[in-house]
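Reader: I would like to learn how to read helix packing in a model. Can we work through one together?

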Amino acid sequence: MNRILVEACVTTVEEAVACVRVGADRLELCRDLDVGGLTPDPGLLRRVKSEVSVPVFAMARPRAGSFVFDAAEVERTATEIHSLVEAGADGIVLGLLTPERRVNEDSMPSLLTAAGALPVTFHRAFDGVFDPGHAMDALVGLGLARVLTAGGSRTAAEGAASLASLVHRAGGALEVLAGGGVRGHNVVELVRTSGVREVHARAEGVAGVVQALRGRAA
């Protein structure tokens, strides 16, 4: 089978180095995972970049809680993205919703402009949308590179069938990155059922995920 890309979610230099050592292909850097991840310090991003050779995507989320941002928060997010770009981010991870639980197509363009040529991932705010199909179409229209999702479920394994529908809907226009409870014991079946080509796991689960996938590839 084709090689499945493994993205590791990390919050420290030590986690980043350890995940790359066991085979992670890409990193998502953030802080405060207990609230779903927030924007990391640009200095931390620079230190991680100096220690690893794989791409490092950085979260741009200025506060915890709702993914509905007012104009000032959107502006603050754009400023944070500029700082992350200057610090060497290889990609940006973000997500904005409207009060009606749709992708915020009005505010997203300013953030995409801030990211410049970098690929942008829409994070698991996607799992809160009212209509995943419509949301997928919106992301494709905006030109995002990928969406991180559990298929609207608590975990990607539980949402595997929905992930398969999203992969079909995307039609290759963007990548569906499966995340949420991805571990070594469930990743092979998740990939088989959903058809995703990329998976996302927390640092502590990366070694098992890589081992399971590389073993399957062998």
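Author: Start with helix H4. The buried residues of H4 pack against H3, S4, strand S5 (120-122) and H5. Contact here means heavy atoms within 4.5 Å. Helices (H or I, at least four residues) and strands (E, at least two) are DSSP runs, numbered from the N terminus.

Reader: Before going on, where do these values come from?

Author: This is a predicted model: local features need pLDDT of at least 70, side-chain atom pairs count only at pLDDT 80 or more, and totals for chains, interfaces and linings use all residues. Residues are numbered from 1 along each chain as its sequence is written, and side-chain values use heavy atoms, with hydrogens and water left out.

Reader: Which residues in H4 are buried?

Author: Buried means under 20% relative accessible area, exposed means over 50%, and partly exposed lies in between (1.4 Å probe, protein chains only). In H4 the buried residues are Met-108, Leu-111, Leu-112, Ala-114 and Ala-115. They fall within an arc of 155° seen down the axis, so they line one face of the helix. The arc is that of the directions from the helix axis to the C-beta atoms. Just after H4 comes Gly-116, with a positive phi of about 65°.

Reader: How is a pair of packed helices described?

Author: By the angle between their axes and the distance between the axes. Axes are lines fitted to C-alpha atoms, for helices over the stretch in contact, and angles run from 0 to 180 degrees between N-to-C directions. Take helix H3 (residues 71-86) and H4. Their axes come within 8 Å and cross at roughly 15°. H3 and H4 are therefore roughly parallel to each other. The cut-offs are these: under 35 degrees is roughly parallel, over 145 roughly antiparallel, 65 to 115 roughly perpendicular, and the rest oblique.

Reader: What is the hand of the crossing where H3 passes H4?

Author: Right-handed. A crossing is left-handed if the near helix is turned anticlockwise from the far one by less than a right angle, and right-handed if clockwise.

Reader: Which residues make the contact of H3 and H4?

Author: H3 supplies Val-74, Thr-77, Ala-78, Ile-81, His-82 and Val-85, and H4 supplies Ser-110, Leu-111, Ala-114 and Ala-115. By class, that contact of H3 with H4 has seven nonpolar, three polar and no charged residues. The classes: Ala, Val, Leu, Ile, Met, Phe, Trp, Tyr, Cys and Pro count as nonpolar, Asp, Glu, Lys and Arg as charged, and the others, Gly among them, as polar.

Reader: Now H6. Which of its residues are buried?

Author: Ala-160, Leu-163, Leu-166 and Ala-170 are the buried residues of H6. They cover an arc of only 110° around the axis, which puts them on the same side of H6. Ala-161 and His-168, on the other side of H6, are exposed. The buried residues pack against H5, strand S6 (146-149), strand S7 (175-179) and helix H7 (187-194). Gly-171 follows H6 and has a positive phi, near 60°.

Reader: At what angle do H5 and H6 pack?

Author: About 40°, for helix H5 (residues 132-142) and helix H6 (residues 160-170), with axes 10 Å apart. That makes H5 oblique to H6. Their crossing is right-handed. From H5, Pro-132, Gly-133, His-134, Met-136 and Asp-137 meet Leu-166, Arg-169 and Ala-170 in H6. The contact of H5 with H6 has four nonpolar, two polar and two charged residues.

Reader: And how do H6 and H7 cross?

Author: At roughly 45°, with axes that come within 8 Å. H6 and H7 are therefore oblique to each other. H6 passes H7 in a right-handed crossing. Ala-160, Leu-163, Ala-164 and Val-167 of H6 make the contact with Leu-190, Thr-193 and Ser-194 of H7. The residues of this contact of H6 with H7 divide into five nonpolar, two polar and no charged.

Reader: Let us finish with a loop. Is Leu-38 buried or exposed?

Author: Leu-38 counts as buried, at 7% relative accessibility. It lies in the loop between S2 and H2. Asp-32 is in that loop too, between strand S2 (26-29) and helix H2 (42-51). Asp-32 has a positive phi of about 55° although it is not a glycine. At 35% relative accessibility, Asp-32 counts as partly exposed.
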